[in-house]
Amino acid sequence: MTAIESFDNIYLDLSKESGKCRFAENGFGWKPSAGGDTFTLDNANIGSAQWSKATRGYEIRILQRNSGIIQLDGFAQDDYDRLAKVFKNWYSTALESREHAIRGWNWGKAEFAKAELTFNVQNKPAFELPYSEIGNTNLTGRNEVAVEMSLPQDANDTGTDNVGGARGKGKKAGAGRDQLVEMRFYIPGVTTKKEADGDAGSDAGEEEEQNAATLFYDTLIEKAEIGEMAGDTIATFLDVLHLTPRGRFDIDMYEASFRLRGKTYDYKIQYDAIKKFMVLPKPDDMHCMLCIGLDPPLRQGQTRYPFVVMQFKKDEEVTIDLNLDEEALANKYKDKLDAHYEEPLHHVVAKIFRGLANKKISSPAKDFITHRQQFGIKCSIKASEGFLYCLEKAFMFVPKPATYIAYEQTQSITFSRVGGAVTALSTFDITVVMKGGAGSSQFSNINREDLKALEAFFKLKGLRVKNEIDENANMLAQAMREQAMDDSDDDGGKADLGSAAEDGESEDEDFEGGSDSDVAEEFDSEHDSGSGSDGESGSGGGSGDEDEEMEDEDDEEEEEEEERPKKKKKTG
């Protein structure tokens with residue numbers, strides 16, 4: 001056997017590019033084919049090794065003594081004998097051949113190993129999940145546990161200079177085209193901790209049964225080191241109201257991350273994921289909102305939250321001592337954090353976030369103020385009401401859906417007025433069109449008194465503004481003038497038709513003459529004398545008979561009218 005065994009076209013973990021892997025007595029190394037840093041592992045750190053079928057051929061999984069896992073993929077099946085001798089003779093470790101379950105079943109048994117969570121089907125591993133790749137876990141139901149993967153910042157954030165690998169915790173998947181982001185386990189029944197992980201530290205009589213899903217959740221938090229110990233928290237704030245995601249959460253702030261602990265969901269967020277931090281006073285003069293922009297966004301099932309919005313009362317005071325020693329305050333957090341705080345709660349939270357995350361705090365621009373002397377404009381996006389803030393470099397709408405639009409990404413801003421006659425007089429809308437065809441956002445129902453201030457502020461920032469309200473007003477005024485002219489023309493036309501009107505009146509007079517005589521015969525006092533006189537012509541008797549018949553018909557109609565309300569009363 002030679003002193004060195006070399007293999008080409010080997011992939012380290014999920015690296016984008018292949019490389020050359022060399023094994024020697026003192027350990028092994030891997031170097032990318034395109035050049036770059038070499039990854040090495042000392043033989044003293046090799047705990048065990050497994051040989052199994054993988055995506056690019058066959059792989060070797062090396063479990064380190066410090067609980068890490070190294071994957072070398074791309075070997076040929078014929079390489080097994082050579083590698084088995086290497087591990088046996090040089091590293092005193094047997095290369096165990098391991099066969100995976102390929103039935104495709106989605107039920108089995110989960111086992112917590114030293115460095116990974118293994119899901120077994122019929123005593124064969126279906127898949128392994130390294131603890132280093134787990135970012136968070138939540139109890140989503142009584143018998144359901146959600147496991148969230150650690151996500152890289154972008155495709156190049158792989159921890160190994162754009163080639164992927166295991167040198168950055170939770171970044172193995174950064175080199176892949178697709179990434180697994182969440183997995184859920186349904187765990188029914190009850191069990192004991194001794195049965196779950198095989199610990200024999202306590203007697204069987206002292207073991208109490210508990211919900212299996214809860215025990216799985218607690219064990220995973222401990223194994224994957226998701227929740228730091230309470231003594232490691234620098235500061236804790238209890239029962240803080242969050243508008244996005246909705247609910248009350250306890251905030252635990254650690255050295256590199258902070259944790260939101262709620263009744264149903266827990267979130268662990270790295271300070272590196274914080275891209276924006278804003279302090280926004282609410283127009284009610286009673287509350288202040290803290291808005292944290294995240295990339296990658298917070299996830300809850302299929303819902304993504306790119307912003308976390310907290311709300312504090314302005315008059316709520318707090319006194320807190322940070323859990324940091326004097327050396328850390330003097331060296332690492334010099335001029336960033338104080339040992340003691342005694343001031344309003346929202347000021348304390350903002351200052352601690354700024355010191356730990358090293359992020360600049362943004363606030364509303366002082367060049368804009370509403371007619372109520374506030375920074376926030378009450379408006380709505382579709383059916384969601386909220387507040388729009390004009391920052392120095394961007395728009396910010398909170399609380400839901402939290403929307404951030406940078407001025408440099410804005411192509412144009414249009415003032416428009418839509419709706420009925422009542423709302424159109426008192427409110428208007430703003431449509432912000434993005435550059436490059438990135439879409440648009442519309443902010444509706446803004447008070448008309450803020451129009452001039454907004455227009456002046458946008459022009460101050462050099463934004464392209466189009467005011468359709470004034471254009472529509474001019475068009476409406478022009479239309480009203482034209483309508484008035486049309487009405488005057490119509491009135492003049494009617495005056496010219498006076499002769500036709502006179503003809504119509506003459507016809508009415510002839511018709512009304514006959515009707516007047518009839519009315520006189522029926523109702524006037526002259527009717528009796530006129531009908532009974534002897535000077536009437538022979539046709540007068542006939543007319544008198546007709547009058548009597550008409551009177552009889554009128555009497556019958558009056559009787560019917562008197563009877564109708566009585567019938568209504570009976571039916572009532």
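A search of the whole structure, which is a predicted model, finds 27 aromatic pairs, where rings of Phe, Tyr and Trp (its six-membered ring) are taken to pair if their centres lie within 6.5 Å, with planes under 30 degrees apart counted as stacked, over 60 as edge-to-face and the rest as tilted. Among these, Trp-51 and Phe-75 form a tilted pair, at 6.3 Å centre to centre and with 45° between the planes. Because Trp-51 lies in strand β5 and Phe-75 in strand β7, this pair ties together parts that are 24 residues apart in sequence; strands (E, at least two residues) and helices (H or I, at least four) are DSSP runs numbered from the N terminus. Both Trp-51 and Phe-75 are buried, a term that denotes under 20% relative accessible area, with exposed meaning over 50% and partly exposed in between (1.4 Å probe, protein chains only). The pair Phe-277 and Phe-353 is likewise described as tilted, because the ring centres are 5.5 Å apart and the planes stand at 35°. Phe-277 belongs to strand β21 (residues 274-281) and Phe-353 to helix α5 (residues 345-357), so the pair links parts that are 76 residues apart in sequence, and both residues are buried.

Local features in this predicted model need pLDDT of at least 70 and side-chain atom pairs count only at pLDDT 80 or more, whereas totals for chains, interfaces and linings use all residues. Residues are numbered from 1 along each chain as its sequence is written, and side-chain values use heavy atoms, with hydrogens and water left out.

An open sheet of 8 strands shows the order β4-β3-β2-β1-β7-β6-β5-β8, with mixed pairing; two strands are said to pair if DSSP finds at least two bridges between them. Strands β4 (39-42) and β8 (95-97) stand at the edges with a single partner strand each, so one side of each is left without a neighbour in the sheet. The twist averages 30° from one strand to the next, with axes being lines fitted to C-alpha atoms (for helices, over the stretch in contact) and angles running from 0 to 180 degrees between N-to-C directions. Within this sheet, strands β2 (residues 19-24) and β3 (residues 27-32) run antiparallel and are joined by 6 bridges, and Phe-23 stands opposite Phe-28 in β3. Helix α1 (residues 80-89) packs on the sheet, touching β1 (5-12), β2, β5 (46-54), β6 (57-64), β7 (69-75) and β8, and its direction makes about 105° with that of β1; contact here means heavy atoms within 4.5 Å. One aromatic cluster is formed by Phe-7, Phe-23, Phe-28, Trp-51, Tyr-58, Phe-75, Tyr-80, Phe-87 and Tyr-91.

A further open sheet comprises 7 strands in the order β20-β19-β18-β17-β23-β22-β21, with antiparallel pairing. Its edges are formed by β20 (266-270) and β21, each with a single partner strand, so one side of each lacks a neighbour in the sheet. Strands β18 (residues 247-253) and β19 (residues 257-261) run antiparallel and are joined by 4 bridges, and the bridge partner of Asp-252 in β19 is Arg-259.

Asn-467 is found in strand β33 (residues 465-467) and counts as buried because its relative accessibility is 11%. Leaving aside neighbours within four places in sequence, Asn-467 is in contact with Phe-415, Leu-451 and Glu-455.
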